[in-house]
Amino acid sequence: MDEHFENSSHSYTEDEQKPRRRRRSAILRLRSMAMALAPQKMLQLPYVGKGAFGSESGELAYGYISMVGRRRDMEDKVTVAPQEWLAGEYTFFAVYDGHGGAEVAEKCGERLHKCLEKRIEEEKAKEVAEGFDWGKVMMECFCSMDDEIEKLEGVNVINKEEKRVGSTAVVVLVGKEDVVVANCGDSRAVLHRSNDVVLPLSEDHKPEREDEKERIEAVGGKVLCWNGWRVEGVLATSRSLGDHYLKPYVTSEPEVNVLNRSDFDDFLIIGSDGLFDVMSNESACEVVKESLRCTERQGPKRGATEAAAMLAEHALHRGSKDNISVIVVKMA
């Protein structure tokens, strides 16, 4: 799925030249910025991915960018499950933003979509009269994933020092009739509709959020201001996978949102806080909307990839100091 910058042998007409120059310039500018920020990290150039799915969930095109940015190491992970995932009933997208190391984010990228597929199939087989419970399924999946990470710590696959490693997770399933979002941490999912409606599909789990602060304090934890609000003065997100040294104050339980699809659904943005710490939902949607308009001739896959690159470029210009990972999903 991952690939570095691609070359094309396609011959473009004169009318196509201008859009093509825009597409190449955004991605190449991002590559140049990455090189200028840290020439020694040439092996960590931005990863670019794109694709399209045609299944029960409808026609979807996506593109993503994942880059180290101004950080020393890359701790993010982007996952797009294969088209056959859940027999095409839903399409799976996820961004995992690691901290303290990349181990937990990488393990989630390898395993969480497989765990979720199994849980969904088990729940569907029960034929529960009250209907399918997405909240229950996501809770069980995330908790199971967290337990798996803890077991790896126990057998020293993740050593004692790495018990301080964790990752946020925002998972988005796009189906024919609905969009399901499970969020654990401060990565984010946003939906833009063609009638210029911007819908946040997740809410950041920050320690200073009133309900999160109450939950932490109710189990004996503290929220302290130490270079920003942090759980026990350490972690700047109040929910994550891993981080077992901060349990039960930091929980792996996700918040789940299910939204019915609309004819106005335009595109999704799924990103880490390296993007959303410096850009609002509205400004990010404006960048994507303009980028898709400029690359319309190039097709939805390339348009989505260009839009993701433009978002990452804007985040760098606005001073993002974190890894930046973003998926743009074109839904119409």
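What share of the 332 residues of the protein counts as buried? The figure is 53%. This is a predicted model. The protein has 7 helices and 14 strands. Of the contacts between residues at least 6 apart in sequence, 69% join residues at least 24 apart.

**The largest pocket**

- The volume of the largest pocket is about 650 Å³.
- Its lining counts 28 residues. Nearest the pocket centre lie R71, R230, A236, D273 and D322.
- By class, the lining splits into 12 charged, 10 polar and 6 nonpolar residues.
- Strand 4 (90–99) gives the largest share of the lining, with 3 residues.
- Strand 10 (229–231) and helix 5 (273–276) each supply at least two lining residues, as does strand 4.

**Nonpolar cores**

- Nonpolar side chains tend to be buried together in soluble globular proteins.
- The largest nonpolar core holds 29 residues. F92, L116, V171 and L173 touch the most other members.
- Five elements each supply at least two residues of this core: strand 4, helix 2 (103–126), helix 3 (134–154), strand 5 (166–175) and strand 6 (178–184).
- Beyond the residues up to four places away in sequence, F92 touches T79, V80, A81, W85, L112, H113, L116, V171, V172 and L173.

**R188, a buried arginine**

- R188 sits in strand 7 (residues 188–193).
- Is R188 buried or exposed? R188 has a relative accessible area of 14%, which is under 20%, so R188 counts as buried.
- Which side chains make polar contacts with the side chain of R188? One is that of D204, at 2.5 Å. Another is that of N281, at 2.9 Å.
- Leaving aside neighbours within four places in sequence, the contacts of R188 are V170, S202, D204, I269, I270, G271, F276, M279 and N281.

**R293, an exposed arginine**

- R293 belongs to helix 6 (residues 281–294).
- The relative accessibility of R293 is 51%, which is over 50%, so R293 counts as exposed.
- From R293 to G303 is 10 residues in sequence. In space, their C-alpha atoms are 8.4 Å apart.

**Backbone exceptions**

- Most residues other than glycine have a negative phi, and most peptide bonds are trans.
- L86 is not a glycine, yet its phi is positive, at about 55 degrees. L86 lies in the loop between strand 3 (76–80) and strand 4.
- L86 has a relative accessibility of 5%, and therefore counts as buried, the cut-off being under 20%.
- N227 is not a glycine either, and has a positive phi of about 60 degrees. The loop between strand 9 (223–225) and strand 10 holds N227.
- Why is N227 classed as exposed? N227 is exposed because its relative accessible area, 71%, is over 50%.
- The peptide bond between K247 and P248 is cis, with omega about 0 degrees. P248 is in the loop between strand 11 (241–242) and strand 12 (255–260).

Methods
Residues are numbered from 1 along each chain as its sequence is written. This is a predicted model: local features need pLDDT of at least 70, side-chain atom pairs count only at pLDDT 80 or more; totals for chains, interfaces and linings use all residues. Side-chain values use heavy atoms; hydrogens and water are left out. On a 1 Å grid over the protein atoms alone, a cavity is a set of points where a 1.4 Å probe fits but cannot get out, and a pocket is an open set with protein on both sides within 12 Å along at least five of seven lines; lining residues have an atom within 4 Å of a point. Grid points are joined across faces, edges and corners, and a volume is the space filled by probe spheres set on the points. Helices (H or I, at least four residues) and strands (E, at least two) are DSSP runs, numbered from the N terminus. Ala, Val, Leu, Ile, Met, Phe, Trp, Tyr, Cys and Pro count as nonpolar, Asp, Glu, Lys and Arg as charged, and the others, Gly among them, as polar. A nonpolar core is a set of buried Ala, Val, Leu, Ile, Met, Phe, Trp, Tyr and Cys residues joined through side-chain atoms within 4.5 Å. Buried means under 20% relative accessible area, exposed over 50%, partly exposed in between (1.4 Å probe, protein chains only). Contact means heavy atoms within 4.5 Å. A polar contact is a pair of N or O atoms within 3.5 Å; within protein, one must be able to donate a hydrogen and the other to accept it, and residues adjacent in sequence count only if both atoms are side-chain atoms.
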